Amino acid sequence: MAERFAVLPCNGLDKAVGPLAREIALMVVEACRGELICPVLYNNIPALYAKALKLPLIVIDGCGTRCASKLAAESAGGGLKVTRKLQATDAFKEMGESPGEGLTPDPERLALCRLLAERLLSAPDEGTALGSEAAFAEPVEYATVTHDKFIFRIPRQAYLFNENHCWARLAGNRARVGISDYMQQELGDLTFCELPEVGVEIGQFDAVGSVESVKAVSDIISPVSGRVVAVNPAVAETPEIINEDPYVRGWVAELELRDLEGDRALLLDGEAYLALVRQKAADYRP
Amino acid sequence: MSDETFMGVPREKIPWFPTIDYNKCDFCMECDKFCPHQVYERREGEVKLVVAHPEHCVVFCRACAKTCGPDALSFPNKPETIELIKRLREEGDDG
């Protein structure tokens with residue numbers, strides 16, 4: 001007997017991908033005799049699903065707006081723990097297919113939905129391993145750039161930066177990545193942080209997640225290439241951690257490095273990034 | 001004339017910005033509402049949205065494409081862009 005899951009899907013009815021997410025959810029629930037959570041009803045009366053949510057949770061988003069993920073992340077008590085997740089638009093794209101235009105899925109797309117549902121049921125759980133904790137726990141020495149009442153901190157050692165204001169902290173053949181103090185202040189109070197999936201291969205300058213504030217959404221552009229070996233569930237649950245401590249507790253993902261020497265040619269060390277922030281800070285308008 | 005640079009290369013030499021496929025775009029304006037850098041601009045007439053300020057686009061950012069229901073936005077090939085930046089940096093060093 002397969003493991004049972006609760007499934008929280010996108011219920012978007014006005015875009016072609018919404019009904020696809022819904023079909024995948026129905027197929028998963030049917031196959032594992034799980035529980036379906038209606039996002040609309042859950043948003044209104046979460047208590048109705050208290051029992052269903054005792055099961056491990058699968059979240060299925062339709063489009064990049066990720067309503068279902070956000071609903072899960074913003075639930076009372078620090079958000080729901082997501083065991084597995086899928087975004088239908090990306091999943092279709094990865095298969096070289098498109099979600100089409102019709103609001104009623106055709107037989108070909110239903111077959112693809114079934115394939116995705118089966119994959120979800122056999123996928124590994126979202127990793128939450130914390131990796132080489134000790135190496136990343138060394139104290140950090142900061143330089144600062146001051147402009148008006150704004151103070152931007154930049155670690156002096158062990159960090160590399162790209163000009164997208166993202167950092168990589170190196171430890172052996174691994175690196176943690178996150179966003180800089182400058183970027184978090186520019187975005188303002190963060191309300192959402194999307195983590196990458198553990199196991200996925202990231203190229204240099206690929207998005208390794210995204211952060212969202214009241215002002216804007218921004219991709220987290222990875223300074224380094226490699227495989228995601230761990231993610232930081234704390235920042236998904238409490239994105240404010242990135243505002244409070246962007247360089248240490250606010251790490252987003254940990255990568256096993258693929259080509260650090262190649263990547264390094266296009267990165268800035270602490271001193272060079274300090275110079276860049278100094279230049280940016282001169283005409284900084286929050 | 002902009003003196004913006006990215007990775008030591010004048011921004012205008014890096015062709016990184018979205019291209020709108022007008023066969024797919026339904027002018028829902030989600031990308032324009034989303035982008036904080038004023039890359040897009042709305043217009044009167046048949047074509048209601050254009051990429052007016054490609055130089056404002058953040059190199060390697062493709063976040064607006066995620067908001068696009070009809071999948072009408074495309075970006076340049078990333079590895080090719082990285083190679084171009086490397087080449088321009090070397091030329092800059094030589095010059």
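Two residues are in contact if their C-beta atoms, placed from the backbone, lie within 7 Å. With that in hand, let's look at how the two chains meet in this predicted model.

**Where the chains meet**

On one side of the meeting place are 17 residues of chain A, which are in contact with 15 residues of chain B. Strand S13 of chain A (residues 217-221) supplies the largest share of chain A's side, four residues. The table sorts the residues of that side by kind.

| Kind of residue | Residues of chain A touching chain B |
|---|---|
| Nonpolar | six residues |
| Polar | seven residues |

**Inside the nonpolar core**

Now let's turn to the largest nonpolar core, which has 95 residues. Val7(A), Leu8(A), Ile24(A), Val28(A), Ile60(A) and Val177(A) have the most contacts inside this core. Helix H1 of chain A (residues 17-32) gives the most to the core, with nine residues. Both domain 1 (6-122) and domain 2 (134-282) of chain A contribute, with at least three residues from each.

Leaving out residues up to four places away in sequence, Ile60(A) touches Val7(A), Pro9(A), Cys10(A), Ala21(A), Ile24(A), Ala25(A), Ala68(A), Leu86(A) and Ala88(A).

**A walk along chain B**

Chain B contains two helices and six strands. Of the 95 residues in chain B, 21% count as buried. Take the contacts in chain B between residues at least 6 apart in sequence: 60% of these join residues at least 24 apart.

Conventions:
Residues numbered from 1 in each chain as written. Chains lettered and ligands numbered in written order. Predicted model: local features only at pLDDT ≥ 70, side-chain atom pairs only at ≥ 80, totals over all residues. Core = buried A, V, L, I, M, F, W, Y, C linked by C-beta atoms within 7 Å. Buried ≥ 20, exposed ≤ 12 C-beta atoms within 10 Å, placed from the backbone. Domains from an automatic or database assignment. Nonpolar A, V, L, I, M, F, W, Y, C, P; charged D, E, K, R; others polar.
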